[in-house]
Amino acid sequence: MRPAQVRSLIGSRMRELREAAGVPLTRAANLSGWDKGHLSRVERGHTKPSRELIEWYDESFGAGSALVNQLVELDAAVRAGKDVSQRDLRRQVQPMLLGGSVPVDHHPDDRAELVGESVPDGTRVARDQQFEKTWELRNSGERPWRDRWLTRQGAAATPGWMRSPRSARIPDAVPGQVVTVRMTLQAPSQVGASTAYFKVTDDAGRLYYPGLESPPIYCTIFTVYEL
């Protein structure tokens, strides 16, 4: 893997995370103190971000240490001298839809909590391999869940895009109940760290928990040539 590919991959992941949180680039610049032009260059892969900026994205957009861990893994791939074919870089997939306005039954007392998941962050997966990811979600609010979906966020057609369905249905749940969401994902053809971000929506993709108060649910893997 080459340094330019690392910049492109980590920049794409940063943009996906920001967009999944519903934060425009201008607002991210105002909140972070970094120049909007600098953030734009970073997200487009023209400039390598500082560790401080990556940590700010992780903390502000609810990713834990996912971006920092990805940067460490990608830098390790550069040192290992592994390359990626241009065919893989040109690979195109269909774009995913972002949520718009809130659903008609949106309510401020509604809450969702991630209480468990399979495929731990950083799991190594062979190129193009399919795998099942599960998330255990608790209805921790005061409103019942009906006809909800876990919907992919972010823009597709970027190097290292982890393939997935647009959405997976969340079982109906009463307050306090824990349900399991299952989804089959596919590792990209390109080696390196990848993260897929999801949020709870209605069937039209409208967000039940918009903005920074609701971090996205995500899956992070590290794609390798073979296991």
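Guide: Bearing in mind that this is a predicted model, helix α2, which covers residues 25–32, has L25, A28, A29 and S32 as its buried residues. Viewed down the axis of α2, these buried residues fall within an arc of 100 degrees, so they line one face of the helix.

Visitor: And what do the buried residues of α2 pack against?

Guide: They pack against α1 (3–20), α3 (36–43) and α4 (51–60). As for the residue that follows α2, this is G33, and its phi is positive, near 90 degrees.

Visitor: Switching to aromatics, how many pairs does a search of the whole structure find?

Guide: The search finds 6 aromatic pairs. Among them, W56 and Y57 have ring centres 5.7 Å apart and planes at 75 degrees, so this pair is edge-to-face.

Visitor: Is W56 buried or exposed?

Guide: W56 counts as buried because its relative accessibility is 16%, and the cut-off for buried is under 20%. Y57 is buried with a relative accessible area of 0%, and F61 is buried at 2%.

Visitor: Now the sheet: what is the strand order?

Guide: The order is β1-β3-β6, an open sheet of 3 strands with antiparallel pairing, in which β1 (113–117) and β6 (178–186) are the edge strands. Strand β3, residues 130–138, pairs with β6 over 9 bridges, and E136 has T180 in β6 as its bridge partner.

How values were computed. Residues numbered from 1 in each chain as written. Predicted model: local features only at pLDDT ≥ 70, side-chain atom pairs only at ≥ 80, totals over all residues. Heavy atoms only, no water. Pairing = 2+ DSSP bridges. Helix = DSSP H or I, 4+ residues; strand = E, 2+ residues; numbered from the N terminus. Buried < 20%, exposed > 50% of the residue type's maximum accessible area, 1.4 Å probe, protein only. Arc of directions from axis to C-beta. Contact = heavy atoms within 4.5 Å. Phe/Tyr/Trp six-rings, centres within 6.5 Å; stacked < 30°, edge-to-face > 60°.
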